Amino acid sequence: MSEQLFAQLLVSGLGMGFIFALIAIGLTLIYGVMDVVNFAHGEFLMVAMYASFLAWQAWGVDPIVAVPVVAAAMFAFGVGVYWLLVRRVLGKSMHSQIFATFGLMVFLQALAQFLFGADYRAVQQSVLSGVVEIGGIALPGPQLASMAGASVATALLYVLVFRTRTGRLLRAASQDRVAASTLGIDADRMYALAWGIGAAAVGAAGALLSSFYPVFPRVGGAFVLVAYVVVALGGFGSIHGALVAGVLIGLLQTLAGFYVSSQLKFVPVYALYLLVVLVRPRGLFGRI
Amino acid sequence: MSTIRRVFIKALLGAASGALVTGALAQEAVRIGALYPLSGQVAKSGEDTLNAIRLAADIVNGSFKDLALPLAATAGLPNLGGAKIEIVAADHQGSPETGAAEAERLVVQRKVAALIGAFHSSVAATSSQVAERLGVPYISGESEATNLTERGFKMFFRTTPSSKTQARDFFTFIAQMNKGSAQPVRTIAVVHENTLWGQEFAKSVESYLPEYPDVKLVANIAYQQGTPDVTSEVQKLIAAKPDVVLHASYDNEAILFARTYKQFKFAPRGVMAIGAAFGSSAFRNALGADANYFLVREHWSRDLAPRAPVVAAVAKLYKDRYGKDMDGTPARAFTAMMVLADAINRAGSTDPQKIRAALAATNLSAKDLIMPWAGVKFDANGQNTLTGAIFVQTLEGAPKLVWPADQAAAALVWPRPAWR
């Protein structure tokens, strides 16, 4: 087994890992701020991928150019979902929260199928379609962009949550809604902000992903299961935890896929997840 | 209120007189029960397939002097005094239970002489069991699951290649490419999704290896359907260096694999696929020029028409009647119905045992068919042994029939060029 091959596997694994991380960051943020699991997170990804695909189809906008636009649109979408749906079930039973986002998942899938059919659609050519080669190791464009995107997104979120006034308000609202309200913090606004940022992160991931992955109504399912594992592994609510766990899982599935078996490549991932849950239930960087 | 009642009574009367008319006709007509999904998810495909069977019956019943197919020129079945074929359609909704119940109803109540069906292999399995029990011949032109003809049934016949025999076509192709080639194909890899379809394909490929000792299987890669990334799979292929890759993949992964092949400049001599994913419009739209040179095994193509007047004529009749282009599944169902009609005519009777014996003795040659096959001849299990395939290659963005060479609409590009 040549070193070059091993290096290639590592690089490819890292690339996928950053994509997983970028998807998971939005999920962990929403959970961390308000203890709500967004079951429609995969469908947020799907919506972002369709948005990016349609922008390419209608106006020839390259997915890499679409990233900020899609992220901004998804911010609005996330805020909208919060105001129209999630706000109404806050403080209600766990069941109604689960069913609200689960229902949203089913609704968005059905809506996409109604509007676009079950066909697979894909962006044909993107700036990202190319491959950068360094020392015989291929670095596909989308993965490079994801590395940059996920790192930047994590850093930005980290600064926002831990170094700014808005972040302090956000954290205050997440720690104790009532106490924060008595201090004049508009918890509703903070929650809407969390949903907006979470959706924007997954929106950026979706736009990047659409440069090489086909989009179809159920595309979210392929990625969101991994995102849940990333969130649990990294620690619920931990942003840098999601980054580390995403990269870890990306590496693990690529190496296992090569050295163990392609159809079992996610088994070590879930085994690691089980181990973490048993030995360290709060995840790698969780604060619970 | 009274209007509703009047309409209702009228409808009842209409239905009754309709039944009388069919009852009168049925005295001479040979009834064939057709089991197809006419409602539910694949209703459209079921209807298209049934239409091909109706067309076959019409060709037998009418007099088509210019059509060089058995029974076309004469009206009806000559050995049965010109008796007409009457198709009695039943909707099984894709449900194996409904299929079995409908098969029973068609045989017991409608007294059909034979059954044809059933699109879904799962429904063919249950409905043919009923036919076997009731001793009525059953023919399938499009249900592919291999085990259907491995149950030792006496009444079941299948004209279409099974999943297993389809794998053989890849070896036939490779053997022909290797003939006199300075760079013969020595190694192959199978890449397949890990549900039943993909697994069966991989198993079938392996089962033909002993017959082709020159060809070695160097990688057998099963992947989880819906995988987000196929880098490790492609790295395995690159390490195994196969001359040819055989694929059983659905649309989504076909696109993903093709893109990843390009990313890593993996260019074996050929990438050949079972199932349409590597030549679908979704695939071509997604990949543009990169969709070129992938090869897909197909049953039938309208590209066959220019070289075979019969194919062109039948395809035109189908289009004229049903307003839709014929494709592979209707073409195969049409063939099954023609084979059944031929057997009933040779039996000279509607007695099930006589029809069965005639089916077993079927010996049709390539010119009697609209399929690119060597003919129709059943083995002891009722499987047609003379099936064949065509290969379609995407060239300049359009699917073209490229193999076999004598039927090709465009020249095969082999080996495929390196990625640009």
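The points below comment on the predicted model of chains A and B.

1. Basis of the model. Residues are numbered from 1 along each chain as its sequence is written, and chains are lettered from A and ligands numbered from 1 in the order in which they are written. Because the model is predicted, local features need pLDDT of at least 70 and side-chain atom pairs count only at pLDDT 80 or more, while totals for chains, interfaces and linings use all residues.

2. Domains of chain B. The domain assignment gives domain 1 (2-161 + 307-376) and domain 2 (164-298 + 390-407); such bounds come from an automatic or database domain assignment. Their centres, taken over C-alpha atoms, are separated by 34 Å. Domain 1 of chain B gives five residues to the contact and domain 2 of chain B gives seven, a contact being two residues whose C-beta atoms, placed from the backbone, lie within 7 Å.

3. The five-stranded sheet. Chain B holds an open sheet in the order E2-E1-E3-E4-E5, with parallel pairing. Strands (E, at least two residues) and helices (H or I, at least four) are DSSP runs numbered from the N terminus, and two strands pair if DSSP finds at least two bridges between them. Strand E2 (85-91) and strand E5 (156-158) of chain B stand at the edges with a single partner strand each, so one side of each is left without a neighbour in the sheet. Strand E4 (residues 138-140) of chain B is joined to E5(B) by three bridges, with Phe157(B) as the bridge partner of Ile139(B).

4. A helix on the sheet. Helix H2 (residues 43-61) of chain B lies across E1, E2 and E3 of chain B and runs at about 170° to E2(B). Axes are lines fitted to C-alpha atoms, for helices over the stretch in contact, and angles run from 0 to 180 degrees between N-to-C directions.

5. The hairpin. Strands E13 (residues 390-395) and E14 (residues 398-403) of chain B run antiparallel and are joined by five bridges. Gln393(B) has Lys400(B) as its bridge partner. Two residues lie between the strands, and Glu396(B) takes a positive phi near 50°.

6. The side of chain B that touches chain A. Here 25 residues of chain B are in contact with 27 residues of chain A. The elements of chain B giving two or more residues include strand E7 (216-223) and helix H8 (251-263). By type, this side of chain B has 11 nonpolar, nine polar and five charged residues. Ala, Val, Leu, Ile, Met, Phe, Trp, Tyr, Cys and Pro count as nonpolar, Asp, Glu, Lys and Arg as charged, and the others, Gly among them, as polar.
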